[in-house]
Amino acid sequence: MRPAGTGTGAAVVEFTNTSGGTCVLTGHPTVAGAGNGSPEMNVPLTVKQSGATASVTVAPGGKAWVKLTFVQVQGEGDGYCVSGSAPVLYPTMVVGLPGSGAHQVALDDGQFAECDDTVTVTAVSAVKPS
């Protein structure tokens, strides 16, 4: 989901258990911008954790979610950061999910645009965040 204005305000990331067994996830993800869309060119972001953690049991075919909220790029066109830093665009993000490795994610439309190399993340949840 993308609020009005330039840049990515927030993104809800959905994970599906594709294994044949149940898994348990707990904690907050790590997040890195994938330079040129390549996970090998990760730029780790500063993660601010939001919400309490709880164990989430995910059955085969089941889902879990996290929400990423970025420092929004302001204005139109190239935009600007309130802090004075330059906005950065990433075609994809690499989200490290506790107990499940790292996963490359993209927006349905466009790129991730953010300021200050910072993202606020929710803990893994069995309920899709709004």
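Start by selecting L68 and everything it touches. Leaving out residues up to four places away in sequence, L68 is in contact with G9, A10, A11, V13, V31, V95, V119, T120 and V121. Bear in mind as you click around that this is a predicted model.

Now widen the selection to the core around that residue. The largest nonpolar core has 22 residues, and L68, M93 and F112 are the ones that touch the most other members. Colour the strands next: β1 (10-16), β6 (56-58), β7, β9 (92-97) and β11 each put at least two residues into this core. Which strand gives the most? That's β7, with 4 residues. As background, nonpolar side chains in soluble globular proteins tend to be buried together.

F70 is in strand β7 (residues 63-71) and F112 is in strand β11 (residues 112-122), so the pair ties together parts that are 42 residues apart in sequence.

**A lysine on the inside**

Stay on β7 and pick K67, which has its place in that strand. K67 is buried but has no salt bridge, and the nearest side chain of opposite charge, E14, is 14 Å away.

**The salt bridge**

While E14 is in mind, select it together with K63. The salt-bridge count comes to 1, and this is where to look: the K63 and E14 side chains meet at 3.4 Å, N to O. K63 belongs to strand β7 and E14 to strand β1, so the pair ties together parts that are 49 residues apart in sequence. K63 is partly exposed at 35% relative accessibility, and E14 is partly exposed with a relative accessible area of 42%.

**A loop stop**

Next, go to A106, in the loop between β10 (101-105) and β11. Then show the contacts of A106. Setting aside neighbours within four places in sequence, A106 touches P91, T92 and F112, which brings you back to F112, one of the residues that touch the most other members of the core.

Most residues other than glycine have a negative phi. Now check D116, which is in strand β11: its phi is positive, about 70°, although D116 is not a glycine. Step on to D117, also found in strand β11, and you'll see a positive phi of about 50°, again in a residue that is not a glycine. How exposed are they? D116 is partly exposed, with a relative accessible area of 32%, and D117 is partly exposed at 33%.

Technical notes: Residues are numbered from 1 along each chain as its sequence is written. This is a predicted model: local features need pLDDT of at least 70, side-chain atom pairs count only at pLDDT 80 or more; totals for chains, interfaces and linings use all residues. Side-chain values use heavy atoms; hydrogens and water are left out. A nonpolar core is a set of buried Ala, Val, Leu, Ile, Met, Phe, Trp, Tyr and Cys residues joined through side-chain atoms within 4.5 Å. Buried means under 20% relative accessible area, exposed over 50%, partly exposed in between (1.4 Å probe, protein chains only). Contact means heavy atoms within 4.5 Å. Lys and Arg count as positive and Asp and Glu as negative; His and the chain ends are not counted. A salt bridge is a side-chain nitrogen of Lys or Arg within 4 Å of a carboxyl oxygen of Asp or Glu.
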